[in-house]
Amino acid sequence: MPTALARSPHQDASIDLAVSRLVAEFGHRLDQQTVVGVVRSCRQDLSGSPADALPELVERLARYRLTQD
Amino acid sequence: MGYVDVAGVRFTLPDGRVLLDDVSFRVGEGACAALVGENGAGKTTLLRIISGDLSPDGGSVARTGGLGVMRQFIGSVRDDITVERFLVDLAPPAVRDAWDAVEAAELAMMEADDEPTQMAYASALAHWGDVGGYDVEVTWDTVTVAALGVPYDGCKYRGLDTLSGGEQKRLALECLLRGPDQVLLLDEPDNYLDVPGKRWLEERLIETRKTVLFVSHDRELLARVADRVVTVEGGGVWVHGGDWAGYPAARTARHERMAELRKRWDEEHERLVDLVRTLQQQAKNSPDMAARYHAMQTRLAKFEAAGPPPDRPPEQQVAMRLRGGRTGIRVVVAGQLELTGLMKPFDLDVDYGDRVAVLGANGAGKSHFLRLLAGQDVPHTGSWRLGARVVPGFFAQTHAHPDWLDRTLVDLLWHGEPGRPGVDRGRAMATLRRYGLAAQGDQLFRSLSGGQQARFQVLLLELSGATLLLLDEPTDNLDVLSAESLEQALAAYDGTVVAVTHDRWFARTFDRFLVFGADGRVYEAPEPVFDEARVQRTR
């Protein structure tokens, strides 16, 4: 699994930003580990998407999944 | 690299007439082939068959290398599509489909932001990347900067109808020439382009390594660019393997050869028929001859079944007879003439028999000058007058006659106009026949093609008995053969001609060149001048 996440540092940095924003948004009811897990699974589900669009797609999907939890 | 191979194509019009029959030709890799023929011969139909818009009734079209198509209407797009949509429509089908899928997914996300919709959007974006969409967007940026001087992001939502005809053409041409498609079909790519724009097009077509098949009526463009000429005539197609310079001779030689072959076939046919008749008589008396008679009958049947070779195509029936008449020596005299707000004062003397080409930038007032000489109300200062026995006849760009649109040709001829007596139906039809317009006699003016409208206007000039012809872009919509016919008619015309034109080939047949400069100065030049910049005015 972690190998699927081993992409360019640029992408991972963008995803880190998504994590920090989502933690701030959902931190009051979910712990950080859950948020990171959801973001990682979203990242994995969206592998194959264009690199430039990935951060936005991941954050959007993760926000939707966290809202549904 | 790509090629187009057309084999045995047949196309029938909805009314049952065969427009194209057994059309076969090949445009090989890297060739730049011109497609020529009379108005209505089937050039655009053939391009539409090659591009796959129309299915032929028989035969096949093979091509490789991706196909880029520029249609005739580009340059006159007046609906509300954007620059972005225009570029998407010119892209290869795979890119176009991927773009449509991304747009559909974006719209779906506005309605519902659930997981399946998001995954569909991600998948559409991935597909956009896979078909090279991101590279295409970079190309579009280059294209808009080259054609319009602004980056793609700055103009993608701009309405295409806000661009001039020339800008629309330039945008499409930049896009196709820089795009991935290796075979380009260009239907009148030079329409709406000014002369510097045409020169740019010529350079680009000469330097491109793509395979190009283009329709054009501009003989200068044909002469500079085409390395072979595909002719649509008589329901068939033939290819001249050389350039435009050798084309007229090749066409004449071909027609003579066809006529010769047909004549030989007719002679042989007559000989066989005579022989059969003779043998028939002899067979009555001799059983021996009966066998020969039957053999000869079979031979004649086979000969007739094989059919005659195609006859030479009928020559275009355009016979313009501009007669004119002797006038005073001075035909136009202008002193310090100035069209208000358009150009600086100038003096001009035009003598009987002069051929004056009026050249210069768009918007410099050339058409207004012609309208003034035609007696229309154009604001001006200074003086001008026409000489003794000078009767002006005015040929306007076709959109200048809104009152003609819903009338038939025979009706227009019947009623006449001030200075042009009406003629009865018989004479009207006879004259229309000379201009190749007999079949259109009862059609509305609006339903004619641009070339037919132009020919009709020349016909009206003939009937008006004008001794001074004022022609505003007369060759703009004429096919090559009609343009040559007009040139011959003007050469034989006993009178004076003043013509506004951007047609470089046509301009060479004139002997005086009056240039309306971009700075408002009007001067006479010894040679045609075509590179005056566009007039800039505060709006």
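Visitor: What is the bridge partner of B:Ala334 in E13(B)?
Guide: B:Trp384. Keep in mind that this is a predicted model.

Visitor: How many bridges join strand E10 of chain B to E13(B)?
Guide: Six. E10 covers residues 330-339, and the two strands run antiparallel.

Visitor: And what is the strand order in that sheet?
Guide: E11-E10-E13, all in chain B. The sheet is open, has three strands and pairs antiparallel.

Visitor: Why is one side of E11 and of E13 left without a neighbour in the sheet?
Guide: Strands E11 (346-351) and E13 (380-386) of chain B stand at the edges. Each has a single partner strand, so one side of each has no neighbour in the sheet.

Visitor: How many degrees are neighbouring strands turned against each other?
Guide: On average 10°, with direction ignored.

Visitor: New topic. Where is B:Val497?
Guide: In strand E16 of chain B, residues 496-500.

Visitor: Buried or exposed?
Guide: B:Val497 is buried. It has 23 other C-beta atoms within 10 Å, and the cut-off for buried is 20 or more.

Visitor: Which residues is B:Val497 in contact with?
Guide: Leaving aside neighbours within four places in sequence, B:Arg355, B:Val356, B:Leu469, B:Leu471 and B:Leu490.

Visitor: Now the core. How many residues are in the largest nonpolar one?
Guide: 143. Those with the most contacts inside it include A:Val39, A:Val58, B:Leu35 and B:Val498. From chain B, this core draws at least three residues from each of domain 1 (4-248) and domain 3 (330-525).

Visitor: What does A:Val58 touch?
Guide: A:Ile15, A:Ala18, A:Val39, A:Cys42, A:Arg43 and A:Leu46. That leaves out residues up to four places away in sequence.

Visitor: Back to domains. How is chain B divided?
Guide: Into domain 1 (4-248), domain 2 (249-306) and domain 3 (330-525).

Visitor: What separates the centres of domain 1 and domain 3 of chain B?
Guide: 34 Å, taken over C-alpha atoms. The contact takes ten residues from domain 1 and 13 residues from domain 3.

Visitor: Last one. What confidence does the predictor give?
Guide: For the complex, an ipTM of 0.80 and a pTM of 0.75. Chain B averages a pLDDT of 86, and 95% of its residues score at least 70.

Note on methods:
Residues are numbered from 1 along each chain as its sequence is written. Chains are lettered from A and ligands numbered from 1 in the order in which they are written. This is a predicted model: local features need pLDDT of at least 70, side-chain atom pairs count only at pLDDT 80 or more; totals for chains, interfaces and linings use all residues. A nonpolar core is a set of buried Ala, Val, Leu, Ile, Met, Phe, Trp, Tyr and Cys residues joined through C-beta atoms within 7 Å. A residue is buried if 20 or more other C-beta atoms lie within 10 Å of its own, exposed if 12 or fewer, and partly exposed in between; C-beta atoms are placed from the backbone. Domain bounds come from an automatic or database domain assignment. Two residues are in contact if their C-beta atoms, placed from the backbone, lie within 7 Å. pLDDT is the predictor's confidence in each residue, from 0 to 100. Two strands pair if DSSP finds at least two bridges between them. Helices (H or I, at least four residues) and strands (E, at least two) are DSSP runs, numbered from the N terminus. Axes are lines fitted to C-alpha atoms, for helices over the stretch in contact, and angles run from 0 to 180 degrees between N-to-C directions.
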